Amino acid sequence: MISRRQFVKDAALAGAAGALGYGRELLAAEPPPETTRIRLIEITGICIAPQYVARDLLHGEGFTDVQYFKAVAGIATAKAVAAGNADISINFVAPFLIQLDAGDPIILLGGIHAGCFVLFGTERVRAVRDLKGKTVGVQALGSSQHVFLASMMAHVGLDAKKDVNWATHPSSESMRLLAEGKIDAFLGFPPDPQELRAKKIGRVIVDSGKDRPWSQYFCCMVGGNRDFVRKHPVATKRALRAILKASNLCALEPQRAARLIADRGYDYDYSLETLKDIPYDKWRDYDAEDSVRFYALRLQEAGMIKSSPQKIIAKGTDFRFLNELRKELKA
Amino acid sequence: MIFLRGFLVATLALFGAQAWGHAAKASGRLPMIGAAPAFALTSQAGDRVALADLRGKVIAVTFIYATCKDTCPVLTAKMAMIQRKLGADFGPRVRFASITVEPEVDTPAVLKAYADAHSADLAGWSFLTGPSAEIQDVVKRYGAFAKRVKPGDVDHLFLTSLIDRKGMLRVQYLGYRFDPDEMLRDLRALLRE
């Protein structure tokens, strides 16, 4: 929301420039970012690939100091953004919403892609409803997997707090336990689904990239620290532009993007599979606000947030930059 | 207070609305991103070509390299199709500049052969090379990137930038799967301004 003081200042500037005969060019030229430092999150997963691929593009946008802060995907990432340990980051939207509901200073800026999560089960699990009474592996309570699965369970009438036994392990351990039949299901995000498929472990129960309604909404969105966004609107737009361009690169040139990700230490083959599996070119097409609304409703059903979707949208989103970039970047 | 607000809105409408890039939605004009980054590079003919020399024409700047086997030829073929559709406007009123991202391999002679292979009309289309550092600087300032994997193999972002007759960057096309008719419409819209 633009302040009255800012509105008057902008209006006076626009009016004066028009009166003095300056053209559009003077006012419209995008200034350099207000800060040359940008801090993003690095997680163990690859689904936020555009954030890694964007490094050189961020330099091109005027950020001379591009830093990555290591965090666990999910609530920990949302908290890191809210705390200012990172300025901006892709993350699963639901943890962002949970922290927004808790009052954290986060602003959602746009969507990146759908389709990160794949639920694998043993032969004992054929549908999400079959999870009742079963043991499910997740990285941690509050991790992206836990929150996503809680949303899915709420959608079919299960209570994530009492209807399943959560087994918290690192993903590699959960995948081993699934293979040995010691847990009943595991929700993975890249590169876990790619590895499970390659090793033919478990069966796919839900693929959020293909199965409705999950496939119709962004799972991963870009969020920024509210103070950073307010104080650095040019930097915010420039950082978002770099991430969106990188997202298109992931979609169009997966081999090249996978090489860049592998340079950061990730497995090339799983990175490539991930980039081919996930629709990274949908940032223009899907509706970011609808995605926020969809997940806010799911989280309400799961008892994980109290705020209405409208309240979350009003206080925790700003899609102006995205809307501007949609016009500036065609594909 | 209401009067003041009304006055400011009217002032904006009178002077400012066209001055802000985001007036594009209301007017249907392309957005105004900013001044197009300048460059002065060497063409396939060995001539110096500077963006400033092209002022007054609508320009499409893109990044390619001649040994790119899969995607650059798709992009260049698409641009060649747009070149043909522009008819008499191509050359006198619209110019293309394809800048190599592999300057150590793409000499003017290599670029000339690449241009000929794609039926580029060199009266309106320059294929540009230069020192690696200068090319990298241009790539960066246009918001693209290029990283050499090995000689003749470059990871890069496909980005085609449309520049208006006053030298302002107006829109960028990502990738090579864009609709050429949409780009044609945008080029013609810039000609009409």
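How far is the sulfur of Cys219(A) from the closest cysteine sulfur, and in which residue does that sulfur lie?

Analyst: This is a predicted model, in which local features need pLDDT of at least 70 and side-chain atom pairs count only at pLDDT 80 or more, while totals for chains, interfaces and linings use all residues. Residues are numbered from 1 along each chain as its sequence is written, chains are lettered from A and ligands numbered from 1 in the order in which they are written, and side-chain values use heavy atoms, with hydrogens and water left out.

The closest cysteine sulfur to that of Cys219(A) belongs to Cys116(A) and lies 3.8 Å away, which is too far for a bond, because a disulfide is a pair of cysteine sulfur atoms within 2.5 Å. Cys219(A) has a relative accessible area of 1% and is therefore buried, a term that means under 20% relative accessible area, where exposed means over 50% and partly exposed lies in between, with a 1.4 Å probe and protein chains only. Cys250(A) is likewise in no disulfide, and the nearest cysteine sulfur, in Cys47(A), is 11 Å from its own. With a relative accessibility of 0%, Cys250(A) also counts as buried.
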